[in-house]
Amino acid sequence: MARIYERVALIGLGLIASSMAHAMRRGGLAGEIVGTARSVETREIASEIGFCDRVVDSATEAVQGADLVVLAMPIGAMEPVALEIGPHLAKGATITDVGSVKRAVVEAVGPHLPDHVDFIPGHPLAGTEHSGPRSGFAELFENRFTILVPDENANTEAVARLTRLWEGMGAKVETMEVDHHDLVLAVTSHTPHLIAYTMVGVADDLRRVTDSEVIKYSAAGFRDFTRIAASDPTMWRDVFLNNKEATLEILGRFTEELFALQRAIRTGDGDHLFDYFTHTRAIRRGIIEAGQDTDAPDFGRIGKKS
Ligand SMILES: NC(=O)c1ccc[n+]([C@@H]2O[C@H](COP(=O)([O-])OP(=O)(O)OC[C@H]3O[C@@H](n4cnc5c(N)ncnc54)[C@H](O)[C@@H]3O)[C@@H](O)[C@H]2O)c1
Ligand SMILES: O=C(O)C(=O)C[C@]1(C(=O)O)C=C[C@@H](O)C=C1
């Protein structure tokens with residue numbers, strides 16, 4: 001595959017940046033990959049693993065001569081980094097990020113960048129509950145969406161080039177309006193994470209109270225909750241602090257529906273429960289029939305004549 005950028009600077013060397021480095025290497029997509037992270041320990045681990053061509057001590061040094069700069073740290077750390085690197089960015093460079101929330105990043109980073117660079121915020125919809133430089137792998141983005149949120153004046157060539165990079169790493173790329181991104185992700189990722197965190201907390205409390213073995217004997221569904229609830233606390237603290245409005249909106253709706261189900265259980269309203277579960281099952285089957293969950297068994301076919 002053809003080289004897309006001559007020098008890529010990765011700032012923050014955790015799960016996402018190390019996965020990008022592995023994937024770029026695999027595809028020959030970058031001439032040189034330069035990385036940096038805040039802590040000496042992370043930089044040392046990254047050097048030892050060797051997924052960057054060079055690991056340097058500061059963000060300022062990392063961005064020297066880079067034609068692509070990727071901000072890959074928790075959202076709350078992006079503004080000070082943008083302030084630091086702003087004056088050192090090369091003319092014509094593209095600056096992107098991988099943060100899970102987009103409006104807050106646009107507002108925190110954009111004002112600190114010079115006019116001679118293109119800022120194209122992005123978000124790969126791929127991750128695991130693991131973090132840090134050892135957790136990355138080249139296949140992370142394969143067949144997963146990456147959403148870019150360029151503004152209406154964005155340089156279309158720069159957007160196309162960044163799109164090719166993500167495609168070269170295996171991703172399917174779509175563009176979206178910034179606030180729409182934050183609302184969609186509040187539904188599909190942020191609120192579900194909060195629910196998982198809460199449910200695992202509740203189960204743990206229960207274990208303490210009853211001395212039962214709630215977690216030890218948990219069925220598959222709950223085990224998935226515990227995986228999600230093991231995700232990085234700094235990252236998720238920053239997601240909720242920075243996508244407040246959309247998350248609160250979705251949580252409000254969630255709570256209303258939960259109360260309705262709670263009432264149906266209390267009053268023995270089986271019709272309500274049955275209708276609700278029938279409706280949600282139809283949604284799941286619709287997703288599979290539309291071919292949007294390639295990992296899932298083909299429930300849509302069950303009961304159909306072949
Ligand atoms: N983990 C996921 O599932 C996932 C998926 C998509 C996007 N994201 C987003 O990607 C970003 C990075 O997430 P991750 O999972 O790779 O996190 P991570 O915890 O694995 O890595 C974050 C890295 O940033 C470094 N860092 C922290 N503060 C820094 C600073 N001030 N300057 C330089 N480096 C700094 C840390 O040392 C670490 O190397 C976050 O903004 C997150 O919202 C995460
Ligand atoms: O599989 C997981 O661990 C994830 O939760 C990854 C996940 C998601 O919600 O899908 C988490 C946060 C991101 O911003 C993108 C992806």
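**View 1. The largest nonpolar core holds 64 residues.** Val8, Ala9, Leu10, Ile11, Val69 and Val70 have the most contacts inside this core. Helix α1 (residues 15–27) gives the most to the core, with 7 residues. A nonpolar core here is a set of buried Ala, Val, Leu, Ile, Met, Phe, Trp, Tyr and Cys residues joined through C-beta atoms within 7 Å. A residue is buried if 20 or more other C-beta atoms lie within 10 Å of its own, exposed if 12 or fewer, and partly exposed in between, with C-beta atoms placed from the backbone. This is a predicted model, in which local features need pLDDT of at least 70, side-chain atom pairs count only at pLDDT 80 or more, and totals for chains, interfaces and linings use all residues. Residues are numbered from 1 along each chain as its sequence is written, while chains are lettered from A and ligands numbered from 1 in the order in which they are written.

**View 2. Val70 and its contacts.** Val70 touches Val8, Ala9, Leu10 and Ile11, among others. Its partners also include Ala17, Met20, Thr96, Asp97 and Val98. Residues up to four places away in sequence are not counted. Two residues are in contact if their C-beta atoms, placed from the backbone, lie within 7 Å.

**View 3. Val34 in strand β2 (residues 30–36).** Val34 is buried because 22 other C-beta atoms lie within 10 Å. Leaving aside neighbours within four places in sequence, Val34 is in contact with Arg7, Ala9, Cys52, Asp53, Arg54, Val56, Ala62 and Ala66. Ala59 is 25 residues away along the chain, and its C-alpha atom is separated from that of Val34 by 9.9 Å.

**View 4. Ile265 in helix α10 (residues 244–267).** Ile265 counts as exposed, because it has 11 C-beta neighbours inside 10 Å. The C-alpha atoms of Ile265 and Ser131 are separated by 40 Å. Along the chain, these two residues are 134 apart.

**View 5. The shell around ligand 1.** The shell has 28 residues, of which Gly12, Gly14, Met73, Gly127 and Ser131 come nearest. A residue is near a molecule or strand if its C-beta atom, placed from the backbone, lies within 6 Å of it. α1, β7 (122–124) and α9 (233–242) each supply at least two residues. α1 gives the most, with 3 residues. By class, the shell has 16 nonpolar, 10 polar and 2 charged residues. Ala, Val, Leu, Ile, Met, Phe, Trp, Tyr, Cys and Pro count as nonpolar, Asp, Glu, Lys and Arg as charged, and the others, Gly among them, as polar. Domain 1 (5–176) and domain 2 (180–293) each give at least three residues to this shell.

**View 6. The shell around ligand 2.** Ser100, Leu125, Ala126, Gly127, Thr128, Glu129, Ser189 and Ile228 surround ligand 2. These residues divide into 3 nonpolar, 4 polar and 1 charged.

**View 7. Where domain 1 meets domain 2.** The chain is divided into domain 1 (5–176) and domain 2 (180–293), with bounds from an automatic or database domain assignment. Here 14 residues of domain 1 are in contact with 16 residues of domain 2. On the domain 1 side, the touching residues divide into 7 nonpolar, 4 polar and 3 charged. The C-alpha centres of the two domains lie 30 Å apart.

Terms used: Helices (H or I, at least four residues) and strands (E, at least two) are DSSP runs, numbered from the N terminus.
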